[in-house]
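Subject: Structure handover and findings

Hello,

Here is the structure I promised to pass on. My notes on it follow below.

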Amino acid sequence: MYTAINIILSFACALVLHELGHFLAARACRVGVTQAGLGWGPKLFGFRVSGVDYQLRMLPLGAYIRMDMSGLQRRPLFQQLFVLLAGI
């Protein structure tokens, strides 16, 4: 039982760190971020801070950052690549 919980928490932490890279890079390049979430499915919990909706969803099988893609496309190519590759 503890092994399954440990695996789920480790996976969730890895997802959050990965998406945090994209989030911080987008903010550094002044690309708008509108939503950040952990998991898929129905929303369990959410709050809004500085124009970003943070959400926790039922299944911890993914994470995402929703950015203003038209704003990203107006940035120089090196900034676009920085934002897209920052999650590695």
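**The largest pocket**

The largest pocket holds about 240 Å³ of space. A pocket, on a 1 Å grid over the protein atoms alone, is an open set of points where a 1.4 Å probe fits, with protein on both sides within 12 Å along at least five of seven lines. Its volume is the space filled by probe spheres set on the points, which are joined across faces, edges and corners.

This is a predicted model: local features need pLDDT of at least 70, side-chain atom pairs count only at pLDDT 80 or more, and totals for chains, interfaces and linings use all residues. Residues are numbered from 1 along each chain as its sequence is written, and side-chain values use heavy atoms, with hydrogens and water left out.

Back to the pocket. Its lining has 13 residues; lining residues have an atom within 4 Å of a point. Val-16, Ala-36, Gly-37, Tyr-54 and Ile-65 lie nearest the centre. Three elements each supply at least two lining residues: α1 (2-28), β1 (33-49) and β2 (52-67). β2 gives the most, with 6 residues. By class, the lining has 10 nonpolar, 2 polar and 1 charged residues. Here Ala, Val, Leu, Ile, Met, Phe, Trp, Tyr, Cys and Pro count as nonpolar, Asp, Glu, Lys and Arg as charged, and the others, Gly among them, as polar.

**The chain as a whole**

The protein chain has 3 helices and 2 strands. Their order along the sequence is α-β-β-α-α. Both kinds of element are DSSP runs numbered from the N terminus: helices are H or I with at least four residues, strands E with at least two.

The C-alpha atoms fill a box of roughly 50 × 25 × 20 Å, taken along the principal axes. The chain has 88 residues, and 33% of them count as buried. Buried means under 20% relative accessible area, exposed over 50%, and partly exposed in between (1.4 Å probe, protein chains only). Take the contacts between residues at least 6 apart in sequence: 50% of these join residues at least 24 apart. Contact means heavy atoms within 4.5 Å.

**α1 against α3**

How do the axes of α1 and α3 cross? They come within 7 Å and cross at roughly 155 degrees, α3 being residues 77-85. That makes α1 roughly antiparallel to α3. The term applies to angles over 145 degrees. Axes are lines fitted to C-alpha atoms, for helices over the stretch in contact, and angles run from 0 to 180 degrees between N-to-C directions.

On the α1 side, His-22, Ala-25 and Ala-26 take part; on the α3 side, Phe-82, Val-83 and Leu-84. The residues of this contact divide into 5 nonpolar, 1 polar and no charged.

His-22, in helix α1, counts as buried because its relative accessibility is 11%. Neighbours within four places in sequence aside, His-22 is in contact with Met-67, Val-83, Leu-84, Ala-86 and Gly-87.

**Other residues in helices**

Which residues does Leu-15 contact, leaving aside its neighbours within four places in sequence? They are Leu-38, Pro-60, Leu-61, Gly-62 and Ala-63. Leu-15 is also in α1, and is buried with a relative accessible area of 16%. From Leu-15 to Gly-62, 47 residues apart along the chain, the C-alpha separation is 6.6 Å.

At 39% relative accessibility, Ile-5 counts as partly exposed. The C-alpha atoms of Ile-5 and Arg-66 are separated by 28 Å, and the two are 61 residues apart along the chain.

Gly-71 is in helix α2 (residues 69-73). Gly-71 counts as buried, at 10% relative accessibility. Gly-71 and Cys-29 are 9.9 Å apart, C-alpha to C-alpha, and 42 residues apart in sequence.

**Two loop residues to look at**

Most residues other than glycine have a negative phi. Arg-30 is not a glycine, yet has a positive phi of about 60 degrees. Arg-30 lies in the loop between α1 and β1, and counts as exposed at 72% relative accessibility.

Ser-50 is not a glycine either, and has a positive phi of about 50 degrees. Ser-50 lies in the loop between β1 and β2. At 65% relative accessibility, Ser-50 counts as exposed.

Best wishes

How values were computed. Angles under 35 degrees count as roughly parallel, over 145 as roughly antiparallel, 65 to 115 as roughly perpendicular and the rest as oblique.
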